[in-house]
Structure formats: C-alpha cells, structure tokens
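Okay, thanks everyone for coming. I'd like to walk through the side chains in this one, so please have a look at it while I talk.

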Amino acid sequence: MSIRGVIAASEPHTAEAGARLLRRGGNAIDAIVAAKLAACVTELPLTSLGGGGACVWGDAANGYEVLDFFAHTPGQGLTSPPVLDFAPVTVDFGQTTQVFHVGKAAAAVPGELVGLLELHRRAGRLPLRAVVAPAAAWARDGFAISPQIAMVVSLIAPIARRSPAVARLFLPGGGLPQAGDRLANPDLGDFLHALGEGDPDAQVARYWSSLIEDFGPAHGGLITAQDVAAYAPVVRQPLRVPFGSYTVLTNPPPSAGGGLIGVGLRLAETLGLGEEAFLSEQHQLAIAAVLATVSQIRQSGYDERLHRDPASIRDLVAGVALPAWVEVARALRGENPLGATTHISVLDAQGMAAAMTTSNGEGCGHVLPGLGIHVNNFLGEDDINPAGFHELPPGVSMSTMMSPTVVLAGDRACFALGSGGSNRIRSAILQALLNLLAYRRPLDEAVNAARLHVEGRKLWFESPGLAAGVADALHSAWPEATRFDAKSMFFGGVNCVADSNGRLCGAGDRRRGGVVVVAE
C-alpha cells in the first residue's frame with residue numbers, strides 16, 4: 001500500500017484527523033486544516049478558533065508562502081477608553097509561578113477561524129465538509145482527554161474557573177479532568193458542522209457578530225465592528241535563510257521568532273558548529289553561546305524594529321551587521337513557563353509541505369455564547385506586549401515567537417517543523433534545525449535530544465543524555481543556571497516530518513505528547 005503522507009502533532013486526535021484526510025486523497029493543506037480544527041476541540045487549552053497563528057506551506061512546483069493569521073490589536077473607532085475587564089491571575093507551575101492577565105479586555109482580534117478557512121480556500125483539495133467532519137464529531141460526541149492536555153488544564157485551572165461557560169468546557173462536574181476522561185463541546189460541534197454543511201460566510205458573520213457583541217466596550221472588552229471589518233489574514237513571503245546546501249523558510253516580520261532563528265543559524269554556520277561531539281561539553285557550551293547571542297540581539301531593540309523597520313531584520317539575517325554579533329558569540333563560547341502554543345507538520349506524497357503553529361494564549365476566561373469558543377488573552381501576555389499592556393495602537397498585527405518552518409533541499413521540502421513554547425520557541429526550533437542540518441542526527445534524536453534556553457544572563461538546560469561532566473561545565477559557565485533532570489515541556493514541543501529520499505517519516509516531541517501518523 002502506498003504512503004499518502006505523514007503528520008506530526010502533539011495529540012492523537014489531532015494527528016488522526018489529518019491522517020484521515022490524507023487517506024481520503026487530500027493534500028497537506030486539507031490535512032493540516034483538519035488537524036488544526038480537531039486541535040481546537042481536543043487541545044483547547046492551547047489553541048482555539050478564538051486564537052491565531054501562522055502557516056508556511058507550498059511545494060517545488062508552485063513555490064512557498066506564509067499565511068499570517070495571528071491576532072490584531074483591537075480598539076479602532078473608540079473615542080474614549082471603556083472600563084476594562086482585565087485582571088491578573090497567578091498560575092502555579094510547581095517550580096515557579098507566573099501572572100497572566102485575563103478578562104475580555106485581554107482579547108485581541110482573533111484570526112484563527114478565518115485563517116484556516118482562507119488556507120483551505122487557497123490550496124485545499126477536498127470539500128470543507130470533509131475537512132471539518134472529524135473535529136465536529138469529537139466536539140459533539142466527546143473524546144478521551146490525553147495526559148498532556150489534562151496536565152495543561154490543571155495548570156490553567158484559575159482561568160478555567162473564571163466563568164461558568166469556560167468551566168463547562170474544562171471542568172466537567174466541577175473537578176479537574178484526568179487522562180482518559182471524556183470531554184465534549186456540543187456548541188462548538190454544532191458550529192463546526194454548520195460551517196461544513198452550510199454557508200461558511202454566514203457562520204463567520206455569526207462568529208464576528210458574537211465577538212463584537214460580547215467582547216466590545218459595553219462588556220469590558222475592546223473589540224469593535226471596525227476591528228472586525230478591517231481584519232484579514234495576510235500572505236507573506238517566507239524569510240529565507242541559507243544554511244549550507246539547504247534553504248530554511250520561516251515566519252517573517254512582524255513575527256519575532258523567524259528572524260531570531262535565522263540569525264541563530266547564520267551565527268552557528270559562521271562559527272563552524274557541527275564538528276563537536278553531540279551532547280558533549282563543547283557542543284553544549286557552543287549552543288549556549290549562540291542562544292545567549294540571540295537573546296542579546298532581541299534585547300537590543302529587535303522587537304521595536306519588527307514594525308518600524310522590518311527590512312532591517314531581513315538584512316540582519318542576510319548578514320548585514322552579523323560580524324559584530326559573531327564576535328559576541330565567540331566571546332561567550334569559552335520567561336513564560338507554559339507556552340500555550342501547539343504545532344502541526346505535514347508532508348504529502350506529492351511533495352507539498354505545511355507547517356502551522358497556533359495559540360490561544362492561556363485563554364481570557366470567557367467564551368463566545370452558543371459557540372463554545374474560548375477567546376484568547378494575547379493582550380495579557382508579557383512576552384508579546386514588550387512595551388506594556390494596551391500600549392500598541394489599534395489595528396496592529398501583533399508580534400509572535402511562532403515560527404513554522406520548512407527546510408528545502410534545492411526547491412523540494414525535506415523537513416517541515418515548528419514548536420510550541422512561548423519565548424522558548426526560537427531556541428527549540430533552532431536547536432532542532434542544527435541537530436538535523438549541522439550535527440546530522442537521526443530525526444527522532446534531533447527532536448528529542450536535551451535542550452537549552454537562554455534569556456539574558458540566565459540559562460535553563462536539560463541534563464538527560466548529556467555526556468559526563470557537561471552539566472557541571474554548564475553550571476560553571478552559567479552559575480545561575482537552572483537544571484532539569486527530566487525532559488520538560490518548558491523547552492517547547494517540536495513536531496517534525498521529513499522526506500528522506502522519497503521516504504516519508506516524522507518525529508513528535510515527547511515533552512508535549514508528540515504523535516506521528518503515516519497515512520497509507
């Protein structure tokens with residue numbers, strides 16, 4: 001039996017939804033949209049039709065592009081600021097706590113629903129009813145919650161309890177769900193069914209109307225009719241990063257992550273990384289130096305330039321001003337614990353690749369009535385509001401660390417990957433790419449090997465698999481380093497698929513319950 005494609009995701013239902021479409025003759029876009037719709041049901045703490053994201057996709061014959069459907073800042077047309085429903089919530093992660101802001105004024109204008117529909121319209125092969133069917137069925141009939149998602153629900157319990165409507169989605173019977181318990185979302189199931197069987201435009205209009213009515217100024221939010229009328233997904237040219245014989249395509253500005261990954265790759269190549277023994281002291285210290293330099297680049301006005309001067313980010317990745325940063329990395333060589341994002345990668349037998357990352361933040365604690373859609377809290381996350389909360393002007397495409405990525409050999413996709421993990425996304429993807437392209441590690445090892453992350457002067461690292469003495473060397477070089485003695489979802493969740501000389505395969509990140517399905 002011939003292979004139709006391969007999909008890597010972070011939850012079994014998500015992966016199976018995409019595989020079903022591949023088995024039915026769908027292409028990579030059919031599969032990834034079906035999988036993401038399923039994730040909006042079965043990975044609801046991490047993604048939602050009330051969130052946003054980005055997808056890089058294409059093939060050798062037609063080229064590659066990015067569809068950016070991340071959130072925009074609301075408030076267009078407001079003449080005076082309303083009384084805002086915006087409040088802090090403390091989430092306990094065990095090793096640390098973090099304050100998120102929730103409420104209706106934490107909700108940015110979401111793009112996920114219209115983004116998925118636009119992606120399917122542009123490149124899907126099968127009818128929309130087939131694409132939405134798996135998600136609609138699991139929402140209506142229920143599904144068994146995975147261990148990973150049950151754990152995430154327990155982390156965001158203060159948000160899940162914020163309103164009765166959200167509690168009904170996450171806390172059946174009032175208690176935290178356990179792995180294997182069945183959850184359902186009949187309102188969302190009915191909405192998805194109507195989306196596939198009826199007039200999609202009418203359902204989108206219903207969705208937008210609910211946002212305006214329930215998340216507008218009269219109810220403590222900021223979303224206006226002008227915001228909704230102005231929103232549309234944006235097609236962008238991928239950021240192209242040369243690396244040896246490969247070309248890496250990733251999310252361009254105003255995304256923050258793609259440029260940081262790109263400059264990290266250029267630094268690593270210039271420094272000659274790849275000759276060190278994998279997971280040795282030399283390897284880990286070299287990676288830490290590159291990650292520290294990338295962190296310094298971000299702290300040197302990078303975020304401000306994403307909107308004001310995006311061409312400078314492309315110039316940096318192209319090599320302009322790179323030599324100075326190479327010297328910083330040579331000298332060094334000698335943030336959000338949850339990361340409520342999720343990633344899916346697909347390759348089909350015809351050579352089409354698609355990599356999509358989406359998020360709902362942690363959710364704002366309110367749903368769209370009658371639709372079962374938990375709306376984002378992007379305006380209440382520190383990492384994507386570096387100037388402070390509600391400081392961006394209305395109508396701005398918000399920045400994100402999301403960096404869905406496709407690697408080309410010539411003009412054909414050989415890898416498609418991405419990661420969840422908030423500000424650790426850049427580190428997770430950069431290390432996976434270097435493991436594959438510079439250190440030539442097997443796919444599963446490249447995805448699941450021990451990782452590091454650097455923010456400013458602070459290092460976090462995983463110790464499993466490191467050579468003897470490496471952990472001590474890292475502590476010596478980074479005295480305030482935090483060591484993880486088990487693999488942790490803190491370090492992201494890279495899901496990667498590959499075309500190895502015509503053989504389709506994949507690797508899921510076990511930190512976040514990664515699943516791979518080869519569709520035959």
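Let me start with a charge on a ring: the charged end of Lys 104 sits over the ring of Phe 215, 5.4 Å from the ring centre. Before I go on, keep in mind that this is a predicted model. There's another case of this kind, with Arg 424, whose charged end sits over the ring of Phe 490 at 4.3 Å from the centre.

Hold on to Phe 490, since that ring also takes part in an aromatic pair. How are the planes of Phe 484 and Phe 490 arranged? They're stacked, with 20° between the planes and 5.4 Å from centre to centre. Buried or exposed, then, for Phe 484? Phe 484 has a relative accessible area of 8%, so that's buried. Phe 490 comes out at 9% relative accessibility and counts as buried too, because the cut-off for buried is under 20%. And if you zoom out a bit, Phe 484 and Phe 490 belong to one aromatic cluster along with Trp 460 and Phe 491.

Across the whole structure, the search turns up 9 aromatic pairs. Another one I want to show you is Trp 208 with Tyr 231: the ring centres are 6.2 Å apart and the planes are at 50°, so we call that pair tilted. Trp 208 and Tyr 231 are both buried.

Trp 208 brings us to the core. As a general point, nonpolar side chains in soluble globular proteins tend to be buried together. Here, the largest nonpolar core has 83 residues. Which ones have the most contacts inside it? That would be Ile 29, Ile 32, Leu 37, Leu 49, Leu 119, Leu 192 and our Trp 208. Helix H2, residues 28–42, supplies the largest share of this core, with 11 residues.

How many disulfides does the structure hold? The count is 0. Take Cys 40: the closest cysteine sulfur is in Cys 55, and at 14 Å that's too far for a bond, because the cut-off is 2.5 Å. Cys 40 is at 2% relative accessibility, so put that one down as buried. Cys 364 isn't in a disulfide either; the nearest cysteine sulfur belongs to Cys 40, 15 Å away. Cys 364 is buried as well, with a relative accessible area of 0%.

Last topic, salt bridges. Side chains of opposite charge can pair when their charged atoms come close. The count here is 18 salt bridges.

Let's begin with a local one. Arg 20 and Glu 16 meet at 3.6 Å, N to O. Both are in helix H1, residues 12–23, and they sit 4 residues apart, about one turn of the helix. Arg 20 is partly exposed at 37% relative accessibility, and Glu 16 is partly exposed at 23%.

Then look at helices H4 and H8. Arg 129 and Glu 197 form a salt bridge at 3.5 Å, N to O. Arg 129 is in H4 (residues 128–141) and Glu 197 is in H8 (residues 186–197), so this pair ties together parts that are 68 residues apart in sequence. What else links H4 and H8? Arg 140 in H4 and Asp 190 in H8, 50 residues apart, link distant parts of the chain, and their closest N and O atoms are 2.9 Å apart. Arg 140 is partly exposed at 38%, and Asp 190 is partly exposed at 40%.

Key: Residues are numbered from 1 along each chain as its sequence is written. This is a predicted model: local features need pLDDT of at least 70, side-chain atom pairs count only at pLDDT 80 or more; totals for chains, interfaces and linings use all residues. Side-chain values use heavy atoms; hydrogens and water are left out. Rings of Phe, Tyr and Trp (its six-membered ring) pair if their centres lie within 6.5 Å; planes under 30 degrees apart count as stacked, over 60 as edge-to-face and the rest as tilted. Buried means under 20% relative accessible area, exposed over 50%, partly exposed in between (1.4 Å probe, protein chains only). A charge sits over a ring if NZ of Lys or CZ of Arg is within 6 Å of the ring centre and within 35 degrees of the ring normal. A nonpolar core is a set of buried Ala, Val, Leu, Ile, Met, Phe, Trp, Tyr and Cys residues joined through side-chain atoms within 4.5 Å. Helices (H or I, at least four residues) and strands (E, at least two) are DSSP runs, numbered from the N terminus. A salt bridge is a side-chain nitrogen of Lys or Arg within 4 Å of a carboxyl oxygen of Asp or Glu.
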